[in-house]
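Please look at the sequence and the structure together before reading on. The report below takes up the helices, their packing and the aromatic pairs in turn.

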Amino acid sequence: MILRLVLGALFAAMAVGQLASFGAMPGILDAYRLTSGAGSTGLAAALIAGEASAGAWLLARPRSSARTPVWIFTGVNLLWAALAVQAYARGLAVDNCGCFGRYAAQPLRWWVLAEDALMLLYAWLLLRRNKSSQVPSPTTAVPRTPSTAVPVGRAAQGKQEQN
């Protein structure tokens with residue numbers, strides 16, 4: 001629950017920072033050289049929408065076992081990680097990674113990749129936690145009724161022969 005609250009607050013802050021500097025977001029994303037113009041604007045809108053919805057959901061329902069916000073969180077993190085890794089591998093100079101829009105700007109360096117890896121680890125932990133909470137416990141299993149039970153062993157064979 002604590003992890004969901006912290007990550008929800010982080011994603012909400014990222015969405016607010018990016019939304020407040022929405023006019024600059026396409027230019028920030030252009031620096032990654034995967035999109036430009038309308039593509040960067042669309043990518044910015046998708047990232048902000050994903051961060052806002054996952055952040056709000058994780059904050060509002062931290063005890064929920066719903067998988068949707070976790071998958072949104074994972075997808076947004078994968079997008080950011082893909083942007084960073086390809087730009088870093090190509091040696092591009094990205095002055096502002098864009099995580100918080102114009103705010104708390106930091107250049108793309110190896111530690112941004114480490115932050116992205118940590119976020120993906122958190123996503124994996126959330127997905128794993130959700131997967132284990134989806135498995136029905138033995139107490140919720142439907143008990144077999146005597147009429148549907150299949151007899152086993154020699155005693156069962158004797159009972160079948162008597163019938």
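## Helix α3

Helix α3 has 23 residues and spans 32 Å from its first C-alpha to its last, close to the 33 Å expected at 1.5 Å a residue, where the expected span is 1.5 Å times one less than the number of residues. Helices here are DSSP runs (H or I, at least four residues), numbered from the N terminus. The model is a predicted one, in which local features need pLDDT of at least 70 and side-chain atom pairs count only at pLDDT 80 or more, while totals for chains, interfaces and linings use all residues. Residues are numbered from 1 along each chain as its sequence is written, and side-chain values use heavy atoms, with hydrogens and water left out.

## Packing of α1 against α3

Two packed helices are described by the angle between their axes and the distance between the axes. For α1 (residues 2-20) and α3 (residues 38-60), the axes come within 7 Å and cross at roughly 145 degrees; axes are lines fitted to C-alpha atoms, for helices over the stretch in contact, and angles run from 0 to 180 degrees between N-to-C directions.

The contact (heavy atoms within 4.5 Å) involves residues of α1 including R4, L5, G8 and F11, and residues of α3 including L47, I48, E51 and L58. By class, this contact has 13 nonpolar, four polar and two charged residues; Ala, Val, Leu, Ile, Met, Phe, Trp, Tyr, Cys and Pro count as nonpolar, Asp, Glu, Lys and Arg as charged, and the others, Gly among them, as polar.

## Helix α4

Helix α4 (residues 68-89) has 22 residues and reaches 31 Å between its first and last C-alpha, close to the 32 Å expected. Its buried residues include P69, F73, W80 and L83. G91, which follows α4, has a positive phi near 75 degrees.

## Aromatic pairs

A search of the whole structure finds two aromatic pairs, meaning rings of Phe, Tyr and Trp (its six-membered ring) with centres within 6.5 Å, where planes under 30 degrees apart count as stacked, over 60 as edge-to-face and the rest as tilted. F11 and F73 form a tilted pair, 4.7 Å centre to centre with 40 degrees between the planes, and this pair links helix α1 with helix α4, 62 residues apart. F11 is buried at 0% relative accessible area, and F73 is buried at 0% as well.

W110 and W111 form an edge-to-face pair, 6.0 Å centre to centre with 80 degrees between the planes. W110 is exposed at 55%, whereas W111 is partly exposed at 35%.

Notes:
Helix = DSSP H or I, 4+ residues; strand = E, 2+ residues; numbered from the N terminus. Buried < 20%, exposed > 50% of the residue type's maximum accessible area, 1.4 Å probe, protein only.
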